[in-house]
Amino acid sequence: MNHVLSSSSLVIALAIGAFGGVGCQQNARVVTDDRDKIVSIDQIDVQDWSNAADQVLQQLFASGALDTAPVKPARVEVTRVINDTTQRIDTDLLTQKIKIALQQSGKVAFASSDARANEVADYEDFKAGDDAPRLPYFVINGKILEIRTSAGSTKQSSFVFQLNLVNTAQSLDAWSGEAEVTKQGTRNAKNSKG
Amino acid sequence: MKTTPRLLTVLAVLMLCGCYANTVTSNQRIRKDGWLSTHANIRVVRETAVSDDLLRIDVEVENTLPFDTRFDYKFEFLDAEGRMLFGPTTGFRQEQVPAGAFVTITATATDPRAADFRLTLTNAD
């Protein structure tokens, strides 16, 4: 009798386990809403790049620094964005968003880093007898930093995005901006509602 | 005979209604849900231009609840014809607002064609 009971208990336990396992599983889906994207405490999520780019762009447009260029669209180059975090990150995730937005504004044009395009442009200049180098009026550089702290089991990560717009004619910072994204919790969350 | 112009007018009105029947329009620029529908008071909406021709929107949102809370918001920009403009940084942001206090949320269009905006305020809890 005991043997029968223990066998049936085992079957029930396995069934519950199987149903529980199925219940926890989630089919893959495409996430388009930022609120449904995973929020991780210790790394920069895809929505954080967009948030940081938005913050610095709003500061840049409000400053009027882009309007100081004598020619529009002003030529711009992104030189270097230093990654001073513990993560291996591609800073193009920030700079590309900024490039798209600035180009969309019509105020600047970005110098291409494509070797073939530069070769063709050099040839065209040579044919036209123009030997003046194509110099950028502005240069964009920056740095991404990370500050971590914790209190008990609660962890907090702050990512700071610093950008400078340098006027190359005077070698002066025409504008400097900073954005911050801070996240706190004991573990990563499936969405922004926690 | 007198009824003919009246009939034509009625027909013209009906035809016009038919033409626009499939177009749902709304001039509601700010949409709210959850606690925001009743306890988020929009104090001020400022529309200005920055960097000459870029539309900037500042909206003051007041929390009339007796406790601190948070909400998500998203700005979208439209051109003069009402077409949605692509923005590389468009998306939901989150804001915390203390009890009885207000916060100012802002957005700047990256496209000079932006003529109008839409703001969605939604519950974050």
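This is a predicted model: local features need pLDDT of at least 70, side-chain atom pairs count only at pLDDT 80 or more; totals for chains, interfaces and linings use all residues.
A:Ser153 is located in the loop that lies between strand E3 (138-151) and E4 of chain A. Along the chain, A:Ser153 and A:Arg187 are 34 residues apart, and their C-alpha atoms are separated by 9.2 Å.

When the contacts in chain A between residues at least 6 apart in sequence are considered, 70% of them join residues at least 24 apart.

The strands of chain A form an open sheet of 5 strands with mixed pairing, in the order E2-E1-E3-E4-E5. Its edge strands are strand E2 (108-110) and strand E5 (172-185) of chain A, each of which pairs on one side only. On average, neighbouring strands of this sheet are turned by 30 degrees against each other, with direction ignored. At one end of the order, strand E1 (residues 74-84) of chain A runs parallel to E2(A), and 3 bridges join the two strands. A:Arg75 has A:Ala109 as its bridge partner in E2(A).

Helices of chain A pack against these strands. Helix H3 (residues 92-105) of chain A packs on the sheet and touches E1, E2 and E4 of chain A; the direction of H3(A) makes about 135 degrees with that of E2(A). Helix H2 (residues 46-63) of chain A lies across strand E4 (154-167) and E5 of chain A, and runs at about 150 degrees to E5(A).

These two helices also pack on each other. Two packed helices are described by the angle between their axes and the distance between the axes. For H2(A) and H3(A), the angle is about 45 degrees and the axes are 9 Å apart. H2(A) is therefore oblique to H3(A). The crossing in which H2(A) passes H3(A) is right-handed. On the side of H2(A), the contact is made by A:Trp49, A:Ser50, A:Ala52, A:Ala53, A:Val56 and A:Leu57; on the side of H3(A), by A:Leu93, A:Leu94, A:Lys97, A:Ile98 and A:Ala101. Sorted by class, the contact of H2(A) with H3(A) has 9 nonpolar, 1 polar and 1 charged residues.

Chain B has 125 residues, and buried residues make up 22% of them. Of the contacts in chain B with a separation of 6 or more, 72% are accounted for by residues 24 or more positions apart.

Chain B contains an open sheet of 4 strands, ordered E1-E7-E4-E5, with mixed pairing. Strand E1 (30-32) and E5 of chain B are the edge strands, and each pairs on one side only. Neighbouring strands of this sheet are turned by 25 degrees against each other on average, direction ignored.

Strand E4 (residues 69-78) of chain B has pairing partners in both E5(B) and E7(B). With E5(B), E4(B) pairs in the antiparallel sense over 5 bridges. With strand E7 (residues 116-123) of chain B, E4(B) also pairs in the antiparallel sense, over 8 bridges.

In the contact between them, 18 residues of chain B are in contact with 23 residues of chain A. On the side of chain B that touches chain A, the elements that give two or more residues are strand E5 (93-97) and strand E6 (102-108) of chain B. The residues of this side of chain B divide into 6 nonpolar, 7 polar and 5 charged.

Technical notes
Residues are numbered from 1 along each chain as its sequence is written. Chains are lettered from A and ligands numbered from 1 in the order in which they are written. A residue is buried if 20 or more other C-beta atoms lie within 10 Å of its own, exposed if 12 or fewer, and partly exposed in between; C-beta atoms are placed from the backbone. Two residues are in contact if their C-beta atoms, placed from the backbone, lie within 7 Å. Two strands pair if DSSP finds at least two bridges between them. Axes are lines fitted to C-alpha atoms, for helices over the stretch in contact, and angles run from 0 to 180 degrees between N-to-C directions. Ala, Val, Leu, Ile, Met, Phe, Trp, Tyr, Cys and Pro count as nonpolar, Asp, Glu, Lys and Arg as charged, and the others, Gly among them, as polar. Angles under 35 degrees count as roughly parallel, over 145 as roughly antiparallel, 65 to 115 as roughly perpendicular and the rest as oblique. A crossing is left-handed if the near helix is turned anticlockwise from the far one by less than a right angle, and right-handed if clockwise.
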